[in-house]
Amino acid sequence: MNTFGYKMSAPRSINMDTADLSVAHRILDLEPTFRLCISCGGCTSTCTAGNFTEFNIREINLLLRRGQLDTLEKALENCMFCGKCYLACPHGVNTRNVILLMKEQLQEWKQSKTTTL
């Protein structure tokens, strides 16, 4: 019966009890306007990098808040730091600074991860 019709997909659930949310908490402390983000998509719709690459600010926000830091680092590579996202945000979230803080905090997280191993 294994060859009939459907195949089982790998589970995509995230265990939030074991997720590393330390980077997200540090960014929220360093950039308080990030708490105002409601993931409306205004930043993503104006993103120049998003028009030419797979870069998506809403997805980056979700990855950070879920603690998926390994995936987040790869997703941040395409940001051009043009600032259009900051200008388009209806809530005044300093998205440019948030992305810069994400890069900095991920580097610190990687360094602390290698020193503890």
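1. **What you are looking at.** This is a predicted model, in which local features need pLDDT of at least 70 and side-chain atom pairs count only at pLDDT 80 or more, while totals for chains, interfaces and linings use all residues. Residues are numbered from 1 along each chain as its sequence is written, and side-chain values use heavy atoms, with hydrogens and water left out.

2. **Overall layout.** The protein chain has seven helices and zero strands, and reading along the sequence gives α-α-α-α-α-α-α. Helices here are DSSP runs of H or I with at least four residues, strands are runs of E with at least two, and the numbering starts at the N terminus. Taken along the principal axes, the C-alpha atoms fill a box of roughly 55 × 40 × 25 Å. For contacts (heavy atoms within 4.5 Å) between residues at least 6 apart in sequence, 68% join residues at least 24 apart.

3. **Surface and burial.** Of the 117 residues, 31% count as buried. The classes used throughout are buried (under 20% relative accessible area), exposed (over 50%) and partly exposed (in between), with a 1.4 Å probe and protein chains only.

4. In soluble globular proteins, nonpolar side chains tend to be buried together. Here the largest nonpolar core has 27 residues, and those with the most contacts inside it are I27, F34, F55, L64, L72 and M102. Helices α1 (22–30), α4 (57–66), α5 (69–75) and α7 (95–116) each supply at least two residues of this core. The largest share, six residues, comes from α7. A nonpolar core means a set of buried Ala, Val, Leu, Ile, Met, Phe, Trp, Tyr and Cys residues joined through side-chain atoms within 4.5 Å. L72 is worth a click: beyond its neighbours within four places in sequence, L72 touches I60, L63, L64, M102 and L106.

5. Side chains of opposite charge can pair when their charged atoms come close. The count of salt bridges comes to three, each being a side-chain nitrogen of Lys or Arg within 4 Å of a carboxyl oxygen of Asp or Glu. One of them joins E73 and K110 at 3.1 Å, N to O. Because E73 lies in helix α5 and K110 in helix α7, this pair ties together parts that are 37 residues apart in sequence. K110 is partly exposed, at 34% relative accessibility. R35 and D29 also meet in a salt bridge, at 3.7 Å from N to O, and both residues are exposed. E77 and K74 form another, with their closest N and O atoms 3.5 Å apart; both of these are exposed too.

6. **A buried glutamine.** Is Q105 buried or exposed? Q105 counts as buried, because its relative accessibility is 6%. Q105 is found in helix α7, and beyond its neighbours within four places in sequence, Q105 is in contact with V23, R26, I27 and L30.

7. **A glycine to locate.** G42 lies in helix α2 (residues 42–46) and counts as buried at 16% relative accessibility. G42 and R65 are 23 residues apart along the chain, and their C-alpha atoms are separated by 19 Å.

8. **Backbone angles to check.** Most residues other than glycine have a negative phi, and most peptide bonds are trans. S39 has a positive phi near 55° and is not a glycine. The place of S39 is in the loop between α1 and α2, where S39 is partly exposed at 31% relative accessibility. F81, likewise not a glycine, has a positive phi of about 55°. F81 lies in the loop between α5 and α6 (84–88) and is partly exposed, at 25% relative accessibility.
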